[in-house]
Amino acid sequence: FGSSLHCAASAMAAVSLEELIEKDTESERHIPAAVFIERVEEFIGQRQATDVLTALQELYQKYQLMQASMGQQKGALLGKLPDIVSCLSIVNHQIRQRDSDAPDQDVRFQLADQVYAKAKVPPGNAVCLWLGANVMLEYTLDEAKALLEKNEKNANLSLASLEEDMAFLRDQITTTEVNIARVHNFNVRLRQQQRAQAGEAK
């Protein structure tokens, strides 16, 4: 993200990347923090306000792209978690059945869409798990439980970390939006003053 921003900013000689982001402030995912432009006139200096606006809009677009990507990652995690929890619940049930010497279970399993069959399943000590990419492996019930618990924990940790970074990113987007508005308003006032001065000169 930083390198792509640098390329965008360096193409505009009037405004450098270092002026738009904090040098030593970023999230764990290396999202750079946006600088709040407190003194707009001083920040712009002798440059064109439109050049500063262009650079800020480039930064804003980068933040938005990252926000969209992180939103997709969050959606994927939220989609996987229910499956993990459901599988873990089934494995725990199977373990209880195994340890209690329960009789055969009457189950229904899906053959195709809207097509199910009944079967009697004796208590066992193995289960097959889909790992993705058309890969299924057989595990003992205890191994499957450990794997699913680890996956659930990792998914929840990733989700929490992602939400923190998304909150940080929203702050940077808000800061950039405020900067764009302030620079735009300054540019409008500047043009009004220039037109007024031109009118007086006539």
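Where is the place of Gln114? Select Gln114 and you land in the loop between β3 and β4 (115-121); strands here are DSSP runs (E, at least two residues), numbered from the N terminus. Before going on: this is a predicted model, where local features need pLDDT of at least 70, side-chain atom pairs count only at pLDDT 80 or more, and totals for chains, interfaces and linings use all residues. Residues are numbered from 1 along each chain as its sequence is written, and side-chain values use heavy atoms, with hydrogens and water left out.

Stay on Gln114 and check its backbone: phi is near 65°, a positive value in a residue other than glycine. Most residues other than glycine have a negative phi. Gln114 is also exposed, with a relative accessible area of 73% (exposed is over 50%, buried under 20%, partly exposed in between, using a 1.4 Å probe and protein chains only).

Now hop to Asn134, in the loop between β5 (126-132) and β6 (135-140). Asn134 isn't a glycine either, yet has a positive phi of about 60°, and counts as exposed at 76% relative accessibility.

Next, pick Arg108 and Tyr116: the charged end of Arg108 sits over the Tyr116 ring, 5.3 Å from its centre. Such a contact needs NZ of Lys or CZ of Arg within 6 Å of the ring centre and within 35 degrees of the ring normal. Arg47 does likewise over the ring of Phe43, at 5.2 Å from the centre.

Last stop: Leu111, found in strand β3 (residues 105-112) and exposed, at 55% relative accessible area.

Technical notes
Helix = DSSP H or I, 4+ residues; strand = E, 2+ residues; numbered from the N terminus.
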